Amino acid sequence: MTIVTLQIDGKIVGAREGDTVLHAARSAGVDIPALCHLEGLTDVGSCRLCLVEVGDGKPMTPACVTAVAEGLDVRTDTERLRFHRRTVVELMFAAGNHACAVCVANGDCELQDAAVAVGMDHVGFEYQHKPLTVDVSHELFGVDHNRCILCTRCVRVCDEIEGARTWGVSGRGADARVATDLDQPWGDSPTCTSCGKCVMACPTGALFHRGDTVSGIDHRRDRLASLIAAREHKPWP
Ligand code: FES
């Protein structure tokens, strides 16, 4: 195993060659906000919340898909980064319906946590949200597309951990949606194993267990982390 040495916010940090900057930073106790990243899944760098500045010219790059390198100089907390992170979160709130007070994930939502972390106190963009469908055709779970931020954690956990490949993304740009089995109702899916990993992976209230209450979804991601670590394929209890 080759160890490389880099600087993160002026702190000398050692990391394994091939590690990401996000992993190296978190291992060194430096927190970088992230939404599409979920430990144990392949990173796709789609949410852009984990932006950091690297190198001399200080270009911004997502920490979750940037590999560590010997001598890399990384900044995680500059005024420019704080501005961009707040903008990213504001755009997510403007694109969907994220009325926390009436959401089942209120109090256990990573988007809500991110808004607090970046100091968002208002949305500076016009709301773009057009009402989308809520699919409750599955006997155990539902998907509210209004609350989806397209992080694709459900798609990746279904593929990489459960091996079912039920979830995918249909459409492009503003019309992109997560979809089950080429956009059939979830309840008609022939591939879904009802394991519930997609629900546990969801950072917002977009995917939910139909019996969920706010307290009922507490700790779902803790449970998923242990499933990912163990690569278990257990059905939802
Ligand atoms: Fe890195 Fe989303 S967590 S881009």
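Me: Is Asn146 buried or exposed?

Reply: Asn146 is buried, because 20 other C-beta atoms lie within 10 Å, and a residue is called buried if 20 or more other C-beta atoms lie within 10 Å of its own, exposed if 12 or fewer, and partly exposed in between, with C-beta atoms placed from the backbone. Please keep in mind that this is a predicted model, in which local features need pLDDT of at least 70 and side-chain atom pairs count only at pLDDT 80 or more, while totals for chains, interfaces and linings use all residues. Residues are numbered from 1 along each chain, as its sequence is written.

Me: Where does Asn146 lie, and which residues is it in contact with, leaving aside neighbours within four places in sequence?

Reply: Asn146 lies in the loop between β7 and α4, the latter covering 153-162; helices here are DSSP runs of H or I with at least four residues, strands are runs of E with at least two, and both are numbered from the N terminus. Leaving aside neighbours within four places in sequence, Asn146 is in contact with Gly96, Asn97, His129, Pro131 and Leu132, where contact requires that the C-beta atoms of two residues, placed from the backbone, lie within 7 Å.

Me: How far apart are Asn146 and His129?

Reply: From C-alpha to C-alpha, Asn146 and His129 are 7.8 Å apart in space, and they are 17 residues apart in sequence.

Me: What else is in that loop, and what is its phi?

Reply: Leu150 is found in the loop between β7 and α4, and its phi is near 55°, a positive value in a residue other than glycine. Most residues other than glycine have a negative phi. Leu150 counts as partly exposed, because 19 other C-beta atoms lie within 10 Å.

Me: OK, on to α4: how many of its residues are buried?

Reply: Eight of the ten residues of α4 are buried, so this helix is largely enclosed by the rest of the structure. The buried residues are Arg153, Cys154, Val155, Arg156, Val157, Cys158, Ile161 and Glu162. α4 is followed by Gly163, which has a positive phi near 75°.

Me: And what about Arg165, where is that found?

Reply: Arg165 is found in the loop between α4 and β8, and it has a phi near 55°, again a positive value in a residue other than glycine. Arg165 counts as partly exposed because it has 13 C-beta neighbours inside 10 Å.

Me: How do β8 and β9 pair?

Reply: Strand β8 (residues 167-170) and strand β9 pair in the antiparallel sense over four bridges, and two strands are said to pair if DSSP finds at least two bridges between them. Val169 has Val178 in β9 as its bridge partner. The hairpin of β8 and β9 has six residues between the strands, and in it Gly171 takes a positive phi near 80°. In β9 (residues 177-180), Val178 and Thr180 make up the covered face, whereas Arg177 and Ala179 make up the uncovered one.

Me: Zooming out, what does the secondary structure of the chain come to?

Reply: The chain has six helices and ten strands. Its radius of gyration, taken over C-alpha atoms, is 18 Å, close to the 18 Å that the globule rule (2.2 Å times the number of residues to the power 0.38) gives for 237 residues, so the chain is as compact as a globular protein of that length. Buried residues make up 36% of the 237 residues.

Me: Which domains is the chain divided into?

Reply: The chain is divided into domain 1 (3-77) and domain 2 (86-230), with bounds that come from an automatic or database domain assignment. The C-alpha centres of these two domains lie 25 Å apart, and 13 residues of domain 1 are in contact with 18 residues of domain 2.
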